[in-house]
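Please look over the model below, chain by chain and then at the places where chains meet. The questions after it are meant to be read beside the structure.

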4 protein chains.
Amino acid sequence: MKTKKVAIIGASGYSGEELVKLLLHHPHVELVAVTSRQNAGQTLAQVFPKFASLPQSQLLRFTEPNAERLARQAEAVFLALPHGVAAEYAIPLIAAGCIVIDLSADFRLKSAETYREFYAHEHPAPELLKRSVYGLPEVYREEIKKSLLIASPGCYPTSILLPTIPLLQAGLVKPHGIIADSLSGVTGAGRKPEVDYLFCECNESVRAYGLPKHRHLSEIEEQLSLAAAVPVTIQFTPHLIPVNRGILTTLYLAPAEHFSTAVGAGALNAKIADCYAAAYQDEPFVRVLTGKALPDTKNVTDSNVCEFAWRLDLRTGRLIVVSAEDNLVKGAGGQAIQSMNLRCGFPETTGLL
Amino acid sequence: MKTKKVAIIGASGYSGEELVKLLLHHPHVELVAVTSRQNAGQTLAQVFPKFASLPQSQLLRFTEPNAERLARQAEAVFLALPHGVAAEYAIPLIAAGCIVIDLSADFRLKSAETYREFYAHEHPAPELLKRSVYGLPEVYREEIKKSLLIASPGCYPTSILLPTIPLLQAGLVKPHGIIADSLSGVTGAGRKPEVDYLFCECNESVRAYGLPKHRHLSEIEEQLSLAAAVPVTIQFTPHLIPVNRGILTTLYLAPAEHFSTAVGAGALNAKIADCYAAAYQDEPFVRVLTGKALPDTKNVTDSNVCEFAWRLDLRTGRLIVVSAEDNLVKGAGGQAIQSMNLRCGFPETTGLL
Amino acid sequence: MKTKKVAIIGASGYSGEELVKLLLHHPHVELVAVTSRQNAGQTLAQVFPKFASLPQSQLLRFTEPNAERLARQAEAVFLALPHGVAAEYAIPLIAAGCIVIDLSADFRLKSAETYREFYAHEHPAPELLKRSVYGLPEVYREEIKKSLLIASPGCYPTSILLPTIPLLQAGLVKPHGIIADSLSGVTGAGRKPEVDYLFCECNESVRAYGLPKHRHLSEIEEQLSLAAAVPVTIQFTPHLIPVNRGILTTLYLAPAEHFSTAVGAGALNAKIADCYAAAYQDEPFVRVLTGKALPDTKNVTDSNVCEFAWRLDLRTGRLIVVSAEDNLVKGAGGQAIQSMNLRCGFPETTGLL
Amino acid sequence: MKTKKVAIIGASGYSGEELVKLLLHHPHVELVAVTSRQNAGQTLAQVFPKFASLPQSQLLRFTEPNAERLARQAEAVFLALPHGVAAEYAIPLIAAGCIVIDLSADFRLKSAETYREFYAHEHPAPELLKRSVYGLPEVYREEIKKSLLIASPGCYPTSILLPTIPLLQAGLVKPHGIIADSLSGVTGAGRKPEVDYLFCECNESVRAYGLPKHRHLSEIEEQLSLAAAVPVTIQFTPHLIPVNRGILTTLYLAPAEHFSTAVGAGALNAKIADCYAAAYQDEPFVRVLTGKALPDTKNVTDSNVCEFAWRLDLRTGRLIVVSAEDNLVKGAGGQAIQSMNLRCGFPETTGLL
């Protein structure tokens with residue numbers, strides 16, 4: 001299989017580092033450039049000593065980001081940049097015909113208005129929103145194969161969308177009143193030198209943050225609305241917990257059909273099982289747990305899998321779904337590479353198993 | 001002030017250890033007995049090296065539990081025993097006129113039937129249920145002062161009841177549809193040598209458990225129903241997170257009055273603030289956060305405080321309340337001592353600030 | 001007992017925060033001022049929400065540090081400032097007759113030359129070095145009672161000096177070839193927003209640092225030399241481990257007398273036991289473990305105790321001593337208050353048990 | 001390349017689980033059997049949910065261990081069993097012509113007498129000691145290629161031997177007075193349900209253990225003695241630290257030649273650098289750090305690399321070497337597979353990069 005040349009703009013954060021790791025081990029790509037303003041001139045091995053035993057890490061040096069040069073060097077470019085900054089690079093790269101896989105939120109929304117509402121500034125390239133595809137392969141596989149601009153989903157959204165979309169599409173749950181309560185590891189906050197994320201401020205600490213209107217709500221609701229074919233507004237509470245990696249999301253859903261007996265619950269359970277099987281039984285990176293098993297972030301850490309389990313509560317009539325994923329893999333770098341595999345014609349799981 | 005002689009039955013678990021620590025420092029009590037089958041014969045200092053610098057820890061030895069002997073030794077006895085076992089000791093101690101402060105679930109319910117439903121066996125002493133008081137001082141202060149049998153609340157219930165009861169009593173939130181999503185430190189699982197609670201199974205792990213019908217629901221719902229004056233059924237999801245201590249609970253509530261504008265939310269916020277102020281402004285161990293502050297378990301660890309904050313969500317119309325407490329202090333030993341202080345006529349905060 | 005008015009300059013770091021906590025609970029002092037450039041104007045409760053339930057925390061506001069004003073407000077002033085900065089405040093405070101308890105390294109050395117060698121700048125007030133006392137109460141109790149300038153020891157030094165000084169004084173170990181291998185919790189690095197101390201950089205990480213010439217060596221060696229009455233040079237390796245609090249030091253010592261049999265080891269063990277008993281049996285904050293027990297940082301966390309145990313190794317002829325302390329208490333704030341108690345005529349353990 | 005059929009006896013502990021993970025991803029082996037008394041009958045996916053997305057994990061079931069059956073099924077068998085138990089299986093497997101890679105201590109020593117001294121029972125198969133090879137590929141590569149019985153080294157020994165052996169062989173350090181101070185993650189204690197290894201007993205805790213005569217000393221000293229060509233006795237202190245994985249070892253060594261000036265240190269540094277380069281510059285799994293870098297367990301976690309750095313201390317004349325490895329990979333499963341690769345004629349790094 002022909003090797004693709006790829007680059008990462010913004011490779012010194014946690015998502016960037018995960019991309020570096022996965023791409024250095026990917027059999028069909030050559031990582032030809034990594035950029036980082038603060039680390040320009042240093043080798044990958046110097047910045048990330050853990051990669052030092054891979055020969056490539058001794059050769060490849062961080063450079064200042066330069067879209068034009070990168071467009072000449074690489075056929076596909078990953079953007080692991082803050083919101084707002086990513087678009088600046090996407091525009092010239094797309095113009096130059098590069099495949100762009102953007103891990104920021106810049107191209108995840110279809111609506112520039114929603115972008116302005118949630119990100120508090122004008123969208124930097126509204127004309128590109130039409131050309132971008134939301135990079136959730138389990139939902140947009142065919143579109144991803146053809147798009148030049150893939151907007152890889154956020155970590156929280158992935159953990160919420162994968163378990164919810166099939167249920168909404170099948171009409172098994174009501175589109176109103178959805179609650180997503182999420183717990184995230186601290187890499188989710190990025191490699192920022194801020195007191196709030198110091199070891200001693202996070203260790204032996206648990207806290208909610210960003211209540212009640214987190215930016216990720218915009219892409220979650222846009223995608224859920226598409227699945228439900230009606231506008232969906234959800235409640236979302238993110239929490240910070242003292243682990244490096246992992247997101248656990250507990251979803252509270254209202255089944256469309258009422259059940260009040262074990263028999264009724266059994267029938268509904270069967271429908272949910274069928275719905276998830278139809279959606280995911282052939283998906284390599286979605287694991288629907290059965291029996292007594294419940295998700296545990298340690299079972300998905302360092303993997304591209306999102307796993308989930310559900311329970312019907314006879315007492316309250318609710319459906320509870322709990323999902324787990326690695327925020328840096330299925331929630332960031334791994335999912336981006338899954339999209340790259342699709343876009344480049346590689347087997348979808350290449351470099352991710 | 002006259003010193004009371006106190007004893008702890010079951011002093012080798014995490015709650016028992018916390019009681020030991022607090023009682024050894026309490027100025028008005030003398031800890032005269034601690035029991036533990038497995039540690040009988042050893043001094044407190046041998047079992048808990050951290051207390052070795054306190055002279056009392058070198059003198060006091062663990063004994064086998066014997067209710068009759070303890071009834072002669074102590075005026076007040078704490079039971080830090082598993083559910084079902086506590087009642088065996090409570091019966092003779094009460095008969096002998098001892099004050100019993102039970103940290104198990106055995107006497108927290110008024111209904112023996114509910115006990116049977118949730119604990120899967122007949123209640124061992126249903127006649128005592130009438131005599132027991134639910135040991136939540138902020139709600140049952142006067143009753144605690146007079147009761148011989150104080151059923152100290154569970155850790156999850158405390159974190160849910162304190163923020164919710166005043167709102168229900170004031171009719172500010174609907175009694176239906178309440179969701180409590182709780183995160184607990186691992187001491188909550190007890191000092192049990194099970195693989196699930198090994199360091200390497202909990203560290204870098206987050207998981208829900210016991211879905212959907214946790215035993216603590218019974219006491220939570222009984223108390224909420226009393227507050228609302230209608231039967232209340234709630235959704236409760238406990239999670240295990242890698243900290244030693246602390247519970248963070250996120251509550252999803254439906255305001256009784258609809259609001260859809262910032263003005264409406266402002267008015268409702270004022271009512272909630274008034275409601276909480278009326279309930280808690282003079283409470284030494286409840287801290288209602290204002291401004292941008294959100295609870296963090298590290299701010300209540302090693303203290304008897306339950307702190308919480310709320311947010312109205314204009315988009316969903318919901319009220320979100322987040323509470324934090326130390327599961328071993330306000331959620332166990334500290335709260336038990338708060339009740340003891342009330343019952344014995346000591347200032348309520350003695351030994352707890 | 002008459003209350004003393006005290007102040008803390010630099011109260012927003014971890015040591016400062018520990019001082020605040022201990023002083024707010026101290027029965028014989030009134031905390032009248034806390035300073036912090038970045039937090040000036042805010043109350044203690046705003047900066048440290050965990051103290052919000054203490055009334056004093058709502059009243060006391062951080063101010064800009066001003067030595068003259070503080071000298072009028074307080075009788076004793078704690079300096080929790082970086083090396084080099086502390087001296088600036090000590091000079092006018094001493095001149096004004098305040099008791100100064102300095103937690104920095106500025107006055108711990110007797111030799112201004114050694115200071116220059118290890119801290120790479122001229123000592124800012126060499127004339128004060130003569131007037132300062134090294135604030136290790138177990139060694140300098142009488143001097144502390146009389147000095148206006150108490151240089152409270154560093155966290156690593158305390159963990160090394162307490163177990164070693166009596167052995168050197170008694171001639172039981174050789175003054176040459178001492179190795180101290182220390183493991184420190186991350187609060188030891190201070191509340192600095194640097195990438196190296198982010199949660200995700202420290203969690204699941206262990207590393208040595210600052211090899212081979214750590215600044216604390218200067219005070220350790222000066223004190224050991226005094227104890228041995230010959231110049232002592234030691235090997236010291238600090239490591240950073242993922243806990244908030246605690247230092248564990250493993251000391252490798254050469255007994256002065258050779259032993260090669262169990263009988264010989266038994267005799268030497270008896271001498272060591274006697275030596276430690278003579279030094280510490282009445283010390284409230286030193287705990288010499290016996291039997292099979294070995295130190296564990298969790299047994300000294302949140303206490304002012306330094307505990308240690310020793311083993312003779314028949315195979316190598318060495319004496320191994322392992323010590324544990326809380327770096328923020330016996331290694332910083334607690335020890336400083338122990339000195340304050342001595343200096344102010346309070347019982348030495350006041351506020352520390 | 002022809003695929004080898006392999007089996008793991010004792011696959012439910014942490015080392016066994018790591019072997020499973022590495023072997024499921026190894027391109028040249030087929031994992032045909034895994035045994036575990038307690039999990040017999042269950043699939044790999046049931047016991048280790050994290051592997052559930054690999055098809056093999058759904059098919060392969062744990063069985064009771066049966067050496068005869070395994071000898072028919074597999075060409076190479078890994079023993080991840082406790083000391084003493086491993087030999088029972090090794091004897092019939094060797095007799096049947098299987099390659100045996102033993103992760104226990106049973107065949108690491110050449111001397112049955114030393115085994116008895118350190119393991120407190122007679123060696124169960126002394127005649128096999130002659131046929132076994134110490135499975136440290138960097139030292140015994142050629143022997144490993146030919147042996148039927150490979151005794152894979154312990155985690156502590158690997159971290160000590162790799163940095164020390166070349167220095168002893170080259171005569172650069174004295175064989176006497178060596179000290180190894182090691183810090184280990186909690187997986188090193190195994191998946192044993194004991195109170196000492198519960199999350200809450202290890203988290204926020206650091207402790208030494210097993211002083212002063214740890215069993216691993218026997219193999220360390222045997223190997224160092226071979227390298228030095230004189231008997232070597234070392235000081236070794238293991239500590240337990242709250243991380244899942246990783247060992248950090250700090251070694252205190254005495255250079256054979258005295259140095260007391262920067263020039264002398266420079267010359268010696270050059271010799272050490274040459275010595276390590278000669279030993280390891282082509283080794284894929286040894287990383288000698290240069291410049292200011294010091295080892296950090298997080299840089300070797302989940303890799304088969306042992307990395308180390310050294311410093312000469314002009315003040316003490318000592319050489320300090322700090323090494324880091326993942327105790328479950330280079331310290332257990334990874335190293336065992338490295339040996340398997342050598343023995344089976346696969347490229348040495350297969351499945352390990």
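Predicted model: local features only at pLDDT ≥ 70, side-chain atom pairs only at ≥ 80, totals over all residues.

Residues are numbered from 1 along each chain as its sequence is written, chains are lettered from A and ligands numbered from 1 in the order in which they are written, and side-chain values use heavy atoms, with hydrogens and water left out.

Q: What radius of gyration does chain A have, beside that of a compact globule with 353 residues?
A: The radius is taken over C-alpha atoms, and the globule rule is 2.2 Å times the number of residues to the power 0.38. The C-alpha trace of chain A spans about 65 × 45 × 40 Å along its principal axes. A compact globule with 353 residues would have a radius near 20 Å, and chain A agrees with this, at 20 Å.

Q: What percentage of the residues of chain A count as buried?
A: Buried means under 20% relative accessible area, exposed over 50%, and partly exposed in between, with a 1.4 Å probe and protein chains only. Of the 353 residues of chain A, the buried share is 65%.

Q: Which three residues of chain D lose the most area to chain B?
A: Contact (heavy atoms within 4.5 Å) takes in 19 residues from chain D and 19 residues from chain B. The buried area, which is the accessible area (1.4 Å probe) that two parts lose on being put together, summed over both, is about 1600 Å² here, with 63% given by carbon and sulfur atoms. Together accounting for 40% of what the chain D side buries, the three residues are D:Leu198, D:Phe199 and D:Cys200.

Q: How many salt bridges are counted between chain D and chain B?
A: A salt bridge is a side-chain nitrogen of Lys or Arg within 4 Å of a carboxyl oxygen of Asp or Glu. B:Arg191 pairs with D:Glu201 at 3.1 Å, N to O, and B:Glu201 pairs with D:Arg191 at 3.1 Å, N to O. The count between chain D and chain B is 2.

Q: Is B:Glu201 buried or exposed?
A: B:Glu201 lies in helix H10 (residues 199-202) of chain B and D:Arg191 in the loop between strand S8 (179-184) and H10 of chain D, so the pair joins two chains; helices (H or I, at least four residues) and strands (E, at least two) are DSSP runs, numbered from the N terminus. D:Arg191 is partly exposed, with a relative accessible area of 22%. With a relative accessible area of 9%, B:Glu201 is buried.

Q: Which residue of chain C forms a salt bridge with A:Arg191?
A: Side chains of opposite charge can pair when their charged atoms come close. A:Arg191 is partly exposed, with a relative accessible area of 22%, and the closest N and O atoms of the pair are 3.1 Å apart.

Q: How many residues apart are C:Glu138 and C:Lys330?
A: The side chains of C:Glu138 and C:Lys330 meet in a salt bridge at 2.9 Å, N to O. C:Glu138 sits in helix H8 (residues 137-146) of chain C and C:Lys330 in the loop between strand S14 (318-325) and helix H13 (333-344), so that distant parts of the chain are linked. Both residues, C:Glu138 and C:Lys330, are buried, and their separation is 192 residues.
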